[in-house]
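Work through the following exercises with the sequence and the structure at hand. Each task is followed by a stepwise solution.

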Amino acid sequence: MSVTIPKNETEFCSCYTHPFSEDEGGFIYCRAVMKKLPADDLICPDCPLMMYDAEHRKYFGCYYFDTDPSEAQSDEERIEMAVEEGRLPRFPYFEETNRHLVEEALQFAAQVHYGQYRKGGVIPYVSHAIEVSGLVHKMTDEAHVIAAAALHDVVEDTEVTLKELTERFGPDVTHIVEYVTEDKRKELPAHETWKQRKTEAIASYASAPHDAKRIALADKVSNLRASAKDHAVLGDKMWEKFNQKDRELQKWYYLSVLDVLKELSGNEVYKEYQSLMKEVFPS
């Protein structure tokens, strides 16, 4: 059985769409996430691995839902063959030398975040990284920035170090990631250090280069999207699953970030942030 996952009301061009594999339970396997997900939890609309026709403003397929990959080929070899045969475009938007950088970053994020889940749920954590990279993609076509978005939490939430990140992805990617990485102070209870960590994060965003601010903005929008869904069901009880359960402190943090990122106010992601704030903090 095959299904397609459109972006909101965006139409797919069936001549390019690769099949999405759905099992009998309605779950779809995404190789970027490395897990079966229900269709409602797929992050296809913002995934930078989706192919996009900028002229006609249409998404028209994804090569990461692969129902019949060849075991003899690596992902890069398989994709390169598809490009040469005209079945796929060069990686959308990116310079030719960087066309696999974003994919590599997403694969790496999936590997190191494997086994981690979104707070209070069963959604693989890497879906957040994919969503953030896709939101950043709406603001820039630069591959190293989108790759940094995919990797924005690997130093903060896994055992990967900045040195290891530099060795694998280079200093440009790592420099951006460093600006959006919190010192978690893992030796202390998270709720005790929350206010200090968030104050430091706000200061870091304020002094960050433009590309890092884009990632900070996308990160918060992704979080607010999840919170808006929870709030619609649970109301303010949703804050019970967070380290910081005080709604007013959470509101202070998100408003403070919105303020320090105001140089990005002209783009659609910033406007979505403003809209989501009204849903999550209606009063």
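**Exercise 1.** Classify W252 and Y253 as buried, partly exposed or exposed.

*Solution.* The classes rest on relative accessible area: buried is under 20%, exposed is over 50%, and partly exposed lies in between (1.4 Å probe, protein chains only). W252 has 29% relative accessibility and is therefore partly exposed. Y253 has 4%, so this residue is buried.

The model is predicted: local features need pLDDT of at least 70, side-chain atom pairs count only at pLDDT 80 or more, and totals for chains, interfaces and linings use all residues. Residues are numbered from 1 along each chain as its sequence is written, and side-chain values use heavy atoms, with hydrogens and water left out.

**Exercise 2.** Determine which geometry the rings of W194 and Y253 adopt.

*Solution.* Rings of Phe, Tyr and Trp (its six-membered ring) pair if their centres lie within 6.5 Å; planes under 30 degrees apart are stacked, over 60 edge-to-face, and the rest tilted. For W194 and Y253 the centres are 6.0 Å apart and the planes stand at 75°, so the pair is edge-to-face. W194 belongs to helix α8 (residues 190-207) and Y253 to helix α10 (residues 247-260), 59 residues apart; helices here are DSSP runs (H or I, at least four residues), numbered from the N terminus. Both W194 and Y253 are buried.

**Exercise 3.** Describe the pair W252 and Y253, and name the cluster around them.

*Solution.* The W252 and Y253 rings are tilted, with 6.5 Å centre to centre and 45° between the planes. One aromatic cluster comprises W194, W239, F242, W252, Y253, Y254, Y273 and F281.

Notes. Helix = DSSP H or I, 4+ residues; strand = E, 2+ residues; numbered from the N terminus.
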